[in-house]
Amino acid sequence: MRRTVNTCIRLSLIGFLFIGTTGLGVTTTNAYADENFTFAAGNSSPLSVTPFVQPPRPPNVTADDVANTITGADAKMEYSVDGGENWTAYDPDNPPVFYGAVTVQVRVIADSSNYIPSGFIKTLTFTPDLSAPPAPPVTADDAANTITGADATMEYSSDNGANWTAYAPGNPPVFPGAVTVLVRVAGDSSISALPGAETTLTFTPNPSAPAAPAVSADDAANAITGLSTAMEFQVDDGAYVQYNGSNAPELAGAHTVTVRIAADPGTGTPAGAETTLTFTPNPPASATPAPTPTPTPTPTPTPTPTPTPTPTPTPTPTPTPTPTPTVSPAPTSTPEQTAAPTPEPAAPLPGGISTLALTATPAPTPAPTAAATPDIAGSIATTTINNQSVITIVVDEQKLEQKLAAEGQNAVISIPVNSASDVVIGELNGRMLQSMEQKQAVLEIKTERATYKIPAQQINISSILEQLGQSVAVQNINIQLEIAAPAVSTVNLIESAAQKDNFSIVVPSVDFIIRAVYGARTIEVTKFDAYVERTLAIPDGVDPNRITTGIVVDPDGTVRQVPTKMVIISSRYFARINSLTNSTYSVVYHPLEFADVAQHWAKTEVNDMGARMVINGSGKDLFNPDQAITRAEFAAFIVRGLGLKLVDGATSFSDVQTTDWYCGAIETLVEYRLIDGFEDGTFRPMETITREQAMKIIAQAMVLTDLKSKLSVIPGGDVIKSFSDGNHAAKWAKASIVAVLESGIVTGRSSTTLAPKADISRAEAAVIIRRLLEQSDLI
């Protein structure tokens, strides 16, 4: 008997057929249901048909040839750059970048558990980026009349672009006088590469040479009268020597000496006119004929009298400094304390906005002590430049190496200076800095009014060498740390900002500068990878309750707050400021209270963050504390709270324009790797931010403030499990949520609920940013 079945089975190539003694057995991964086929009746046998799944279609991905990345790829895909021989899983959190000419194959990854093979391939082509390069980061060294930061890939024009000249690093151009120079990356016609955008530099005429100095020859004493450390001298047509206060020339005999004001590379002032002095041999002493010697009898020895001891003079007592009335002595066991002053409330500032007048009698300046000459100093020079007194302490390399060897890792190399100089400079060479980096040492320069403390690794001699050229001998690079009174123009900028932004200046401004000098080239170190500490002394008579924060004033007049904490050191108040940049710093009073938080649970935190210039109100002294905060607003709060300098330039997200008020804050967070955005390339700035999104950003900020490395508890998953809705948190946010919960920066909405998907309010944002700064010991 035959049975006809109107079905047809088609076996795939990857299936297999086997025949046993009991009949027919078929296993296949392909099942197409067509009709019309027959079986002969016989012994029964199970027929196992495994569904065949066709390979997935080619993925819907494209090549972003500008960003050199794949658009549309996700974690289910893999890619190959060698014609399919090797495949790499695509990581959305660390997407690959393809520079130059490259062919990339992309497909869906096979799923063997569900018998799904690898997908069909989509081929993408990337080409070399021939778009115009951005404007190069070059600057005008107006003193040396040269371009800083230029290299052989660039060209310049001094006639507004009519003619361009290739920049030659070995023979750099000099631009004396008033001239405007354009600089750009040169084009390359061989590959159709366009010339880049232009950076405009302005050079101004250098100051004129100083007049001949009023010095004279003291021919009897063989000395120069009127010589100062601003001058240099030349003896008998030899080399000019800078006078440092102790190296006056030996002028016995006949000599011709010229003296002039030394050149000042910092301002471009050339050496001055010369005064010529003439020294003549001193006349010999009159010769007196010696008397005819008469034989002298041998004298009887006379006992040597015992000398009368010279009485030791009574030392003049050192005057006791007038105690600062608002400072209580610190316990001797604690060198630094967090200030918690409780003096009587101060009266409001008269007349609105002003610089606080200091009426208390200042403590007398202590006499120089051994600390004024640090044990690593090689030389100390005092000069006057631009009407400012300058003291320069050069570190002795041998003494430094001995100190590093004695103290080992993490040594603090201190340069204390008891001087009222306007400018204090500590100087060492690049090789010394390398030694300090290897020992993870910290360099500290201390004056009466300020202290600058920076890990040697943050100065980064390797980066300096890259800018100067690896062929430069590192010991020939001079590294200078400078604490200085700012220029008058900078002081005027700060006073204008105080009027505009409604704050009062409590502590006179101070410039903190680090520079590397090699020949005529100067490179300023302005940005660091970690927070660098500075302290500013609070003048006597200033009420520490009338201090709200430290500020940075950038060269363009922009003012931003920087994390500041009041501390007591040796019974004196200091503002301890931490920042990621160098610039001009001051301490201000900026009281602020929002009317609509008077009865709010977050009143203290909100008003404190407002006084510190971290958060803004919504107008009319209102803050709207319970309103959900947008992603753009939260970005701005974080940037201001961390004291970050805003970044200029192109936007990283398709829905953020360079003209948007929040663009700078968002790009700054991108640069510091605090935000990512969404997979579709957007940031969605006007959407409200959820608690888990905010916690992700805060956790990233904990890395920047170094708080994450200081957590005493190793984060684990149990802290999330303690909340009934902890499993609602997104997978990408869980590690961040654990970190901020363990640190105490964020708590649940209640003891049992975390609410990761809920919006965060403006008040909550102020509170968690304040806690971040407190837990990081920045405020």
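Which residue in β30 does E444 stand opposite? E444 faces K453. This is a predicted model.

**Strand β29 and its partners**

β29 covers residues 442-446, and β30 covers 450-455. A hairpin of 3 residues joins β29 to β30. β29 also pairs with β27, residues 412-416. In that pairing, I415 has I445 as its bridge partner. The two pairings of β29 are set out below.

| Partner of β29 | Sense | Bridges |
|---|---|---|
| β27 | parallel | 5 bridges |
| β30 | antiparallel | 5 bridges |

β29 is mostly covered, with 4 of its 5 residues buried.

**T447 in the loop**

T447 lies in the loop between β29 and β30. Is T447 buried or exposed? Its relative accessibility is 12%, so T447 counts as buried, the cut-off being under 20%. Beyond its neighbours within four places in sequence, T447 is in contact with V417, V424 and I483.

**Helix α9**

α9 runs over residues 691-704. At 1.5 Å a residue, its 14 residues should span 20 Å. The end C-alpha atoms are 20 Å apart, which agrees.

How many of the 14 residues of α9 are buried? The count is 11, so the helix is mostly covered. Among the buried residues are R691, E692, M695, I698 and L704. The cover includes strands β34 (527-537) and β38 (572-581). It also includes helices α7 (631-642), α11 (734-743) and α12 (762-775). Just after α9, D706 takes a positive phi of about 70°.

Conventions. Residues are numbered from 1 along each chain as its sequence is written. This is a predicted model: local features need pLDDT of at least 70, side-chain atom pairs count only at pLDDT 80 or more; totals for chains, interfaces and linings use all residues. Side-chain values use heavy atoms; hydrogens and water are left out. Buried means under 20% relative accessible area, exposed over 50%, partly exposed in between (1.4 Å probe, protein chains only). Contact means heavy atoms within 4.5 Å. Two strands pair if DSSP finds at least two bridges between them. The expected span of a helix is 1.5 Å times one less than its number of residues.
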